[in-house]
Amino acid sequence: MAVTADEVANVVLSEFKKLPAKRKPTVRGNGLHEWVPLSGIVAKGPAFLKCVALATGMKCLPASKVPQANGVAIHDWHAEVLALRAFNRFILDECKRLTLDSTFTSDFLCRTSSSSLPPFIWRPDVSLHMYCSEAPCGDSSMELTMASQHDSTPWSSPILLFEQPDGQLLGRGYFSHLGIVRRKPSRPDAPPTNSKSCSDKIALKQCTSLLSSLTSLLISPKNVYLTSLVLSESQYSETGCTRCYGFDFDSSPPGRMSCLTTKPPTWAEGYKTSPFKIETTQHEFDYSKRTVTARSDKISPSNLAVCWTYNEEVEEGIIGGVLQGRKAFDIKGASAVSRMKMWRLAVEVAEGLHGPEGELLKELKRGTYDEVKEQSVLLQSRRKVKEEVRGEALKGWVRNTGDGGFRL
């Protein structure tokens, strides 16, 4: 039986409500009421509906600070991106349980044959859904952003004199240009970022699956695609979402992903174009901007991000890309979903396998983090997909480099 948008939203909202007060926005001493976006990943099985990962957050690391991250600080903790990282952490924890306990049966994953790689596969009868309390920043929300301005008239092209040299546009500017890759939005006086918008990152996931590079070494991408994206009704622009995520060449405007459907795909190992349905819910998050505004005219975005995974394997607060209360870039502040912690866990899983662990461990211990991602033979198909999608549908995608030279 299909799951409804309200059911997806409710299961995420319900899990967030269970979190302790220290994980939630607050009212500051000066009377400002905090708001924050929430996102979650929901798994629908034959007899269950479970939120397996959720996150709040709305900030990212300036490009100038990325080289200092050293695998410890998270680059992007917008709720949507952090929820996807949490989902990948959840998967790695589930893999570890399967390797350590021969009696354990996962509702979500199972082992493949002992001679095949990747060694795990997502169960085909378990669908995946994503909920977002706010419109993902970037192309899918540009109409909403324009409508919120004092003058919603699209800016004329002469403003492009102020574009960045690499051709990438800043987050909320240049309204006359749509269907493009954008950086994360920030104040005009804030240091620029190279983190792509949530709209762009979610659009890419329709081709690469929800898996990250490291988890793709352990789990087949075959079944790990979103079935639906659920947005709050007030945060849905049909025009923007069709243009941003759509594979329909005949729609108006045509979906920017449609160029990937004009020729037979040549992708291997379970990679495919997998459009998701976009559905809406009237259920509102208690700490959405709209809900908080209804309570007070003195509001402020929260600096606190929260990351949670199923069975409370992970439950942590994040500020500035590291654990709340820790100094910037301090290794003791590494989140469970940081590059360093995720890489270590992937190695632990590979070490616990019995079968093809030799080749897998070799790839995971190749050298630096970048060497694993960019040189692993087992990730060739994934790299091909990313290159083709970025080259044809998501043009202008500039990588956020500088934090891949660290070692375990």
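1. Let me start with Ser381, whose contacts beyond its sequence neighbours (up to four places away left out) are Ala268, Glu269 and Tyr271. Keep in mind that this is a predicted model. Ser381 belongs to helix 12, which spans residues 380-392. Is Ser381 buried or exposed? Its relative accessibility is 14%, so it goes down as buried, the limit for that label being under 20%.

2. On to the aromatics: 14 aromatic pairs turn up across the whole structure. One of them joins Phe90 and Phe108 edge-to-face, with 5.1 Å between the centres and 80° between the planes. Phe90 is in helix 3 (residues 79-100) while Phe108 is in the loop between helix 3 and strand 4 (109-111), so this pair ties together parts 18 residues apart in sequence.

3. Trp343 and Phe406 make another edge-to-face pair, at 5.7 Å centre to centre and 70° between planes. Here the pair ties together parts 63 residues apart, because Trp343 lies in helix 9 (residues 339-351) and Phe406 in the segment after helix 12. Trp343 is buried, at 1%, and Phe406 is buried too, at 4% relative accessible area.

4. Back to Phe90 and Phe108 for a moment: they belong to one aromatic cluster together with Phe48, Phe87, Trp122 and Tyr310. Elsewhere, the charged end of Arg111 sits over the ring of Phe120, 5.3 Å from the centre.

5. Now the salt bridges, of which the whole structure has 18. Glu34 pairs with Arg28, their closest N and O atoms 2.9 Å apart. Glu34 is buried, at 11% relative accessible area, whereas Arg28 is partly exposed, at 26%.

6. Which parts of the chain does the Glu143 and Arg243 pair tie together? The two side chains meet in a salt bridge at 2.8 Å, N to O. Glu143 is in helix 4 (residues 142-147) and Arg243 in helix 7 (residues 238-245), so the pair ties together parts 100 residues apart in sequence. Arg243 is buried, with 6% relative accessible area.

7. Asp403 and Arg339 also form a salt bridge, at 4.0 Å from N to O. That pair links distant parts of the chain, 64 residues apart: Asp403 in the segment after helix 12 and Arg339 in helix 9. Asp403 and Arg339 are both buried.

8. Last one: a network of salt bridges links Asp76, Lys184 and Lys201.

Definitions and conventions. Residues are numbered from 1 along each chain as its sequence is written. Side-chain values use heavy atoms; hydrogens and water are left out. Helices (H or I, at least four residues) and strands (E, at least two) are DSSP runs, numbered from the N terminus. Buried means under 20% relative accessible area, exposed over 50%, partly exposed in between (1.4 Å probe, protein chains only). Contact means heavy atoms within 4.5 Å. Rings of Phe, Tyr and Trp (its six-membered ring) pair if their centres lie within 6.5 Å; planes under 30 degrees apart count as stacked, over 60 as edge-to-face and the rest as tilted. A charge sits over a ring if NZ of Lys or CZ of Arg is within 6 Å of the ring centre and within 35 degrees of the ring normal.
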